[in-house]
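Please keep the structure in view while reading.

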Amino acid sequence: MTQKVAVLGTGKIGEALLSGMIRGGWAPADLLVTARRQERAEELRARYGVKPVTNAEAAKTADTLILTVKPQDMGTLLDELAPHVPAGRLIISGAAGIPTSFFEERLAAGTPVVRVMTNTPALVDEAMSVISAGTHATAEHLAHAEEIFGAVGKTLRVPESQQDACTALSGSGPAYFFYLVEAMTDAGILLGLPRDKAHDLIVQSAIGAATMLRDSGEHPVKLRENVTSPAGTTISAIRELENHGVRAALIAALEAARDRSRELASGNNS
């Protein structure tokens with residue numbers, strides 16, 4: 001791990017990636033960071049021992065540039081980077097909705113670009129990062145991206161045409177579960193439980209259910225049926241979920257997230 005890696009626009013996800021890489025064996029001396037505010041850059045230096053640099057310095061000296069700025073700021077960042085990025089420099093984009101062609105058109109011909117959609121569980125090393133190759137990215141470039149993002153969770157390679165769907169499912173996915181836990185907690189309070197006890201019951205149930213989904217190899221329908229006794233409490237609850245169109249609402253929500261990702265790709269940031 002002797003290559004220099006720069007994280008540009010180091011917010012929460014960028015910082016999670018940095019800390020995961022260090023735990024995974026990268027030397028802080030090989031990690032560069034940029035931040036909009038100088039005090040933020042110095043905070044990262046003090047916390048991790050990494051070197052704050054300007055965007056131009058990162059482009060000139062790092063072997064891999066990981067761009068973690070907001071989608072609406074990416075065009076401005078690329079304008080700044082373009083004069084300094086050699087054609088062989090690996091660009092990894094973590095911006096939702098922006099295709100690799102957006103980078104390839106603005107950087108030197110032949111620049112390898114890898115698109116990655118990760119999610120906030122990177123903060124606890126349980127991210128799901130979806131990786132796609134641009135026109136000039138090789139298997140070696142994809143493996144390098146997997147090595148980096150594997151430090152904070154699991155990785156999955158998909159064709160870039162599937163990235164918008166993956167953004168809807170896993171990029172935004174944690175928010176859906178948080179929303180569900182919030183609603184279930186309110187229900188627990190309505191049923192007479194204190195908020196802290198309702199929260200603990202739901203969170204542990206969610207962790208247990210997720211672990212069973214991951215480790216059992218069973219289809220979710222089978223796991224649900226195992227909990228659903230004839231004329232019991234669970235089937236009564238499931239009936240109400242179906243009566244209120246929860247399944248249809250989830251499908252519509254994911255389609256809306258997918259469509260918004262496509263809008264971001266087309267430049268509609270409003």
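A crossing of two helices is called right-handed if the near helix is turned clockwise from the far one by less than a right angle, and left-handed if it is turned anticlockwise. With that in mind, and remembering that this is a predicted model, we can turn to helix H8 and helix H9, where H8 passes H9 in a right-handed crossing.

| Helix pair | Residues | Angle between axes | Axes |
|---|---|---|---|
| H8 and H9 | 173-190 and 195-215 | about 135 degrees | 9 Å apart |
| H7 and H12 | 163-171 and 246-265 | about 130 degrees | 8 Å apart |
| H1 and H2 | 12-23 and 38-48 | roughly 20 degrees | within 12 Å |

**H8 with H9**

The axes of H8 and H9 pack at an angle of about 135 degrees, which makes H8 oblique to H9. On the H8 side the contact is made by Val181, Met184, Thr185, Asp186, Gly188 and Ile189, while H9 contributes Arg195, Ala198, His199 and Ile202. Sorted by class, the residues of this contact are five nonpolar, three polar and two charged.

**H7 with H12**

H7 and H12 pack at about 130 degrees, and they are therefore oblique to each other; their crossing is right-handed. Asp164, Ala165, Thr167, Ala168 and Leu169 of H7 make the contact with Leu254, Ala257, Arg258, Ser261 and Arg262 of H12. The residues of this contact divide into five nonpolar, two polar and three charged.

**H1 with H2**

How are H1 and H2 oriented to each other? Their axes cross at roughly 20 degrees, and since angles under 35 degrees count as roughly parallel, H1 and H2 are therefore roughly parallel to each other. The crossing of H1 and H2 is right-handed. In this contact, Glu15, Ser19 and Ile22 of H1 meet Arg40, Leu44, Arg47 and Tyr48 of H2, a group that holds three nonpolar, one polar and three charged residues.

**The second largest pocket**

The pocket has a volume of about 1000 Å³ and is lined by 36 residues, with Gly9, Gly11, Thr68, Val69 and Lys70 lying nearest its centre. By class, the lining has 13 nonpolar, 16 polar and seven charged residues.

Methods: Residues are numbered from 1 along each chain as its sequence is written. This is a predicted model: local features need pLDDT of at least 70, side-chain atom pairs count only at pLDDT 80 or more; totals for chains, interfaces and linings use all residues. Side-chain values use heavy atoms; hydrogens and water are left out. Axes are lines fitted to C-alpha atoms, for helices over the stretch in contact, and angles run from 0 to 180 degrees between N-to-C directions. Helices (H or I, at least four residues) and strands (E, at least two) are DSSP runs, numbered from the N terminus. Angles under 35 degrees count as roughly parallel, over 145 as roughly antiparallel, 65 to 115 as roughly perpendicular and the rest as oblique. Contact means heavy atoms within 4.5 Å. Ala, Val, Leu, Ile, Met, Phe, Trp, Tyr, Cys and Pro count as nonpolar, Asp, Glu, Lys and Arg as charged, and the others, Gly among them, as polar. On a 1 Å grid over the protein atoms alone, a cavity is a set of points where a 1.4 Å probe fits but cannot get out, and a pocket is an open set with protein on both sides within 12 Å along at least five of seven lines; lining residues have an atom within 4 Å of a point. Grid points are joined across faces, edges and corners, and a volume is the space filled by probe spheres set on the points.
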